[in-house]
Each structure stands twice: as C-alpha cells, then as structure tokens.
Amino acid sequence: MTDQMKFIVKEINQTLGRNYDLIKFDALDEKQLLQLLVDLLVFFKAGEKLDICEDETENVSIRLLEMLGNVKLRPPSGVDPATFRTQLLAGDARTVHHVLYWLLSNPEQVKNTAYLARYLKIPEIPPDVARNNTIQDLLDVYNNLIDEFKDVHKRTRLLQKEKATEIINDIKEMAVERDIVIKKLENVQVHLADVKNKDDLLHESKLLRVQQERAKELKAQYETQQTQLKTASDQLKRYLNVMHGQSAVPKTATDVIKHLQEEIQLNNYLVKEKLPQECNNLQKELNIMQTVAMEQHPTRNDLNGIQEKIANVNAEIEQLVQQKLATSGSQEDKLAPFRQQASVIKRNKEASAAHVHELTATLKEHEATLADVQSQVKQLLGDMVLRGEELKKYVNSLRTKSTVYKRQRANLSTFKVEAGILTRTLQIICTADPTVEMALLNYKKMKIDDEEDIEKDAKSELTKKSLHDLSQLVAQTAQKLSEVRQELQPLADKIKPIKHDFQTVQQQYEQKKRVYEATSINISSQMEPLKNQVKALTDELQSKEDEWKNLRQKIMKAESLQEVVMFEMKNSMQSPRQPSKMESMKRKITDLEDIVRNLEDEQRAISSRQGAVEEQTRLWQNTLDLLRCKLKTRSEPAPRQGRMHITQHSQMLTLS
C-alpha cells in the first residue's frame with residue numbers, strides 16, 4: 001500500500017504540478033480527494049472543470065460518474081458496483097486511491113478512451129422526441145459520422161504504428177519504379193524519332209481513346225436503362241396482378257354502403273359530441289389556468305381556507321344526496337337500471353371513440369414510418385426493389401459472393417503474412433550484407449531489359465510478315481466461320497419450336513400464378529374478419545362465463561342468508577322460541593370475554609408471584625447441590641477420621 005501511495009504522489013506531482021508528500025497526501029479529506037480526482041480527469045480531457053465545494057451534490061455526483069464512464073472505469077473484481085459508486089461519491093480514501101492508481105498507471109489508454117468518448121457519445125433523446133422524422137434523420141447522419149470517424153481513427157492509428165523502415169522501403173521501390181518509367185519513356189522516344197506525322201498520330205490516338213471511353217459510357221448507360229426498363233415492366237406486372245386480384249372478387253354494393261354508413265355515424269359522433277365536449281373541457285381548463293395565473297401566489301392560510309370550503313361543500317353534497325335518496329320514489333327506482341344502461345352505453349361510445357382516435361394516430365405513425373423506409377430503400381437501391389424469385393436469386397448470389405469474398409480475404413491475409421515475413425527476412429539480410437540490395441536492383445533492371453527485348457523481337461517478326469500471309473489467314477478464318485455457321489443452323493432450327501413452346505408454357509404459368517395470387521389474397525381477406533369475429537365471440541363467452549360464476553356464487557350466498565333469515569323469522573313467531581342466531585353469538589362472545597378476563601387475572605397473579613417462585617426455585621436448587629456434595633463425600637474414602645455433629649438447623653464435621 002505504501003508503494004502505491006508513493007507512486008500516486010509522484011505521478012500527481014509530475015502530472016498536475018503539485019507539491020505533495022506522503023503526509024500531506026494522507027491528510028487530505030474527502031472533498032479534497034474528490035477535487036483531486038476531478039482535476040486529474042479534467043487533465044485527461046474526460047470532462048469539464050468542476051468545483052466540489054461550490055456545486056450541488058447531485059450535479060457533482062452525475063458529472064463525476066459521467067467522467068469516469070468516459071474513461072471506462074470498472075470496479076475491482078469482487079466488489080459490488082453500487083457499493084463502489086457509493087464509496088467513491090462519499091470520498092472513501094481506499095476507493096479514491098484505487099481510481100487514482102488506475103488512472104495514473106494507464107495514462108495513454110485513459111487519454112485515448114476520453115478522446116474517443118468525446119466523439120462517440122450518443123446523446124440521450126426522449127422516445128417521444130426521437131419519433132420525429134427530422135430528429136431521426138439527424139440521428140442517422142450522426143451515426144454515419146460516428147462510423148466514419150471510427151474508420152478514420154483506425155486508419156490513423158495504423159499509420160502511426162507503421163515503422164520508418166517500411167516507409168523507407170516504399171521510397172526505394174518508388175525510386176526503382178521511377179527509373180523504370182524513365183527508361184521506358186527514353187525507349188519510346190527513340191522509337192518515335194524516325195516516325196513521320198507523329199503529332200497527327202498522337203492526336204488520332206487521343207481521339208480514338210476518347211471515343212472508346214464514350215462508347216463505354218454509352219454501353220453502361222444502355223445497360224442501366226435496360227435494367228430500369230426491366231424493373232418498370234416487373235412493377236407493371238405486379239400492379240396488374242394486384243388489380244386482377246382485387247377485381248376477381250369485387251365487394252357488393254351493400255357492403256360498401258354499410259361501411260360508409262358506419263364511417264358517417266362515427267364521424268358524426270366525433271364532430272357533434274366528442275370534439276365539442278373535448279373543446280369545452282379544454283376551454284374550461286384554459287379558463288381555470290388563466291384565473292390561477294392572474295391570481296397572486298396563495299399562502300398557507302389561503303390553502304387552509306380553501307380546504308375548509310371544500311370540506312363544507314362535500315358535507316353539503318352528502319346531505320343533499322341522502323335527502324334525495326330518502327325522498328326518491330318508486331318511479332326513480334324503476335328508471336335506475338335504464339339510467340345505468342345509458343351511462344354504460346355512453347362510456348362505451350367514448351371509449352370506442354378514444355380507441356378509434358388512437359388507432360388513427362397509430363395508422364398515421366405507421367404510414368410515416370413506411371414512407372421513411374420506402375425513401376431509405378429508394379436511396380439505397382434506387383427505384384429497383386426486388387421481390388419474389390428475383391430477391392431469392394439476388395440473396396443466393398450475395399451468399400456465393402460472400403463465401404468467395406471470405407475465401408479470398410483469408411488467402412489475402414495469408415499472403416500478407418507471408419509477404420511480411422519475406423520482407424522482414426530480406427531486410428535482415430540486407431542489413432547483414434548491403435551488397436544483396438544492390439544485386440536485387442540489378443536483377444530487376446535486367447529483367448525489365450529482357451522484357452523489352454522480347455517485345456522488340458515480337459514487333460520485328462510481325463513487321464516481317466507480308467500482307468499475303470495476313471490475307472490468307474483472314475480467308476481461312478472466314479471459311480472456318482462459315483463452316484461453323486452451317487453446323488449451327490440445324491441446331492437453331494431445332495431450338496425455334498422449343499423456344500415457342502417455352503413461351504407458351506411461360507404465359508400459362510404467369511396466368512396460373514396470377515389466378516393463384518388473386519385467390520390467396522381473396523381467401524386471406526375473407527379469413528381475417530372471421531378470425532377477428534371468432535376471437536371476439538370467444539372473449540365474450542369467457543366474460544359471460546366469469547359473470548355467470550360470480551352471479552352463481554352471489555345467489556348461493558343470498559340463498560344461505562335467506563334460509564337463516566326465514567329460520568329467525570319462524571323462531572321469533574313461535575311462543576316457546578329458541579334463542580336466535582344473534583343471541584347465541586352474543587352469548588358466545590360474553591363467554592369468551594369471561595374466559596379472557598379470567599386468563600388475564602391468572603396472568604397478573606402469576607406475574608405477581610414470579611419473584612417468590614424464582615427465589616424458592618433457587619433455594620431448592622442450592623439444597624440439591626448441597627445434597628449432591630454430601631453424597632459425593634460419603635461415597636469417597638475418608639482420609640481422616642472425624643465426628644459429625646448434627647443439630648436441628650446445621651451440621652458440623654469435627655476432624656480429629
């Protein structure tokens with residue numbers, strides 16, 4: 001522990017420029033230790049400056065934990081994280097010393113972690129705000145920037161880790177390549193010295209290269225237009241299939257009218273009852289808030305007076321309700337169930353309207369989400385969206401490409417490892433013997449010269465050939481091409497009817513596929529309301545069964561109570577009547593009260609005699625111990641003779 005303290009004091013003095021020794025550092029209190037920890041974290045750029053004494057405790061705790069989270073501090077093994085945080089915020093010396101030792105032992109790691117945490121931290125946004133499309137787009141852009149920052153930082157670290165020897169080798173290789181390019185340019189200039197119209201040929205070759213690039217661009221544009229045309233035709237086919245599927249089994253006019261009537265009723269209820277009621281409630285709340293805002297701040301006396309008024313009003317309301325119940329007639333009792341049913345229907349209507357409003361809002365949110373997803377898909381994939389078999393083929397091609405990519409990446413990694421080993425071996429050999437490097441450079445130059453000589457020989461051989469030989473070669477090639485075409489002609493004739501049959505079968509397949517899709521859509525659309533209806537009926541049946549069980553239990557309880565009441569009524573009408581249920585229960589209660597009273601008296605008597613009993617018990621115990629001692633002495637052999645004198649109250653043993 002002393003070594004750890006010495007290390008902390010030494011590093012803090014060097015890092016923060018303090019003048020501590022072991023005695024001064026050990027004399028620091030809790031707030032001074034926490035302030036020292038905060039200053040060290042600020043030095044590592046894990047957060048902003050913070051004053052422990054002046055700032056609020058809650059703010060200090062939050063910001064200190066945030067700084068430690070930025071440097072990814074972990075509690076020691078075997079310690080509960082909650083206990084560790086509590087001790088740290090309380091300024092426990094051992095905990096703070098552990099954190100300081102960890103920070104000062106890994107300064108580079110802490111600096112790097114704090115630097116990354118500053119740019120990789122994702123802000124906390126409430127869920128209701130995060131649902132906004134603008135905020136979501138900003139979050140996506142922020143996440144993309146974070147990924148880009150990670151890649152750039154990784155590449156920067158890799159570049160920093162490169163050694164100077166690798167850079168020197170790259171410079172040497174570039175110098176060799178520069179010499180090779182200069183030599184090639186000199187050779188080309190030598191060959192072009194005797195060529196006439198050199199500038200015209202260069203201009204024509206430049207135009208040819210431009211036209212070739214233009215042809216490539218046009219070809220790529222043509223291919224993209226073909227793919228767009230294909231995707232547009234596929235979309236048209238899908239839309240036609242959907243239209244055929246919807247028109248195969250059209251809805252009846254009665255269903256459409258019924259649906260429209262339901263929508264009209266719902267909209268009328270919302271416009272005439274729901275929305276005006278909500279507007280009135282909002283207006284009342286606004287008026288109340290305005291009056292409250294215009295009034296002065298209430299004191300405790302005002303609040304007490306308002307509470308007294310509320311209590312008085314509640315008491316008056318209770319009195320009025322009791323008077324109304326007392327004066328209400330039979331007519332009102334008959335109308336009570338209908339009023340209850342009306343209130344239940346009203347509540348159901350309000351609940352249904354609220355549910356419809358929630359569903360509408362949810363539908364709008366889903367539509368907005370769908371639009372965002374569609375826009376993202378268009379940005380990623382363009383107008384082409386693969387479905388069905390095309391999507392399966394595309395996924396299979398991606399899988400095959402991924403397997404090939406993984407295999408090639410593994411091969412590349414092995415080649416990189418081998419190349420690194422070979423370059424390191426070559427470097428060691430060159431350092432041991434400098435002549436090896438010069439020999440390698442001479443070998444590369446000789447190899448380049450041999451390749452140039454071979455190219456010159458090939459060009460000279462081509463120039464030696466005469467035009468007659470070239471014309472014969474062209475005639476032979478044309479003859480072979482005509483023979484191949486004659487051989488392929490019968491095969492092409494055989495393929496034509498097969499291709500025609502394939503087209504007819506393909507058309508039949510497309511028609512059957514459209515019919516199948518239309519039928520499946522129709523069946524699914526018809527099954528969905530039936531499933532919902534079955535589910536609703538099942539839930540209703542379950543609720544009715546639960547209600548029937550509850551009513552059955554209530555009826556059984558009421559019947560048992562009715563039997564008791566009938567028995568009591570008959571018993572009261574008889575002249576030699578039996579004791580009633582209430583009387584028997586009262587008698588039992590009095591008997592139990594007498595028993596409890598007697599037990600309490602006995603308890604008090606026992607508690608009063610407890611001291612005397614304990615004293616008597618102690619005396620008897622002492623008597624028993626004395627008798628045991630006497631028996632023990634009698635059983636043992638007497639070493640000396642004596643006489644025992646026994647009187648009425650005592651015993652005495654006289655030894656002689």
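Leaving aside neighbours within four places in sequence, Glu30 is in contact with Ala90 and Gly91, where contact means heavy atoms within 4.5 Å. The C-alpha atoms of Glu30 and Gly91 lie 4.4 Å apart in space, although 61 residues separate them in sequence. This is a predicted model, in which local features need pLDDT of at least 70 and side-chain atom pairs count only at pLDDT 80 or more, while totals for chains, interfaces and linings use all residues. Residues are numbered from 1 along each chain as its sequence is written, and side-chain values use heavy atoms, with hydrogens and water left out.

**Glu30 and the chain as a whole**
- Glu30 is placed in helix H3, and it counts as partly exposed because its relative accessibility is 44%; buried means under 20% relative accessible area, exposed over 50%, and partly exposed in between (1.4 Å probe, protein chains only).
- The protein chain holds 19 helices and two strands, which are DSSP runs numbered from the N terminus (helices H or I, at least four residues; strands E, at least two).
- Of the 656 residues in the protein chain, 10% are buried, and among contacts with a separation of 6 or more, 53% are between residues 24 or more positions apart.
- The protein chain exposes about 55,700 Å², of which carbon and sulfur atoms supply 59%; accessible areas come from the Shrake-Rupley method with a 1.4 Å probe, and for residues only the protein chains shown count as cover.

**Helix H1**
- Helix H1 (residues 2-16) has 15 residues and should span 21 Å at 1.5 Å a residue, which agrees with its end C-alpha atoms being 21 Å apart; the expected span is 1.5 Å times one less than the number of residues.
- Met5, Ile8, Val9, Glu11 and Ile12 are buried in H1, and the buried residues of this helix pack against helix H2 (22-26), helix H3 (30-43) and helix H6 (93-105).
- After H1 comes Gly17, whose phi is positive, near 70°.

- Val313 lies in helix H13 (residues 300-327) and counts as partly exposed because its relative accessibility is 43%.
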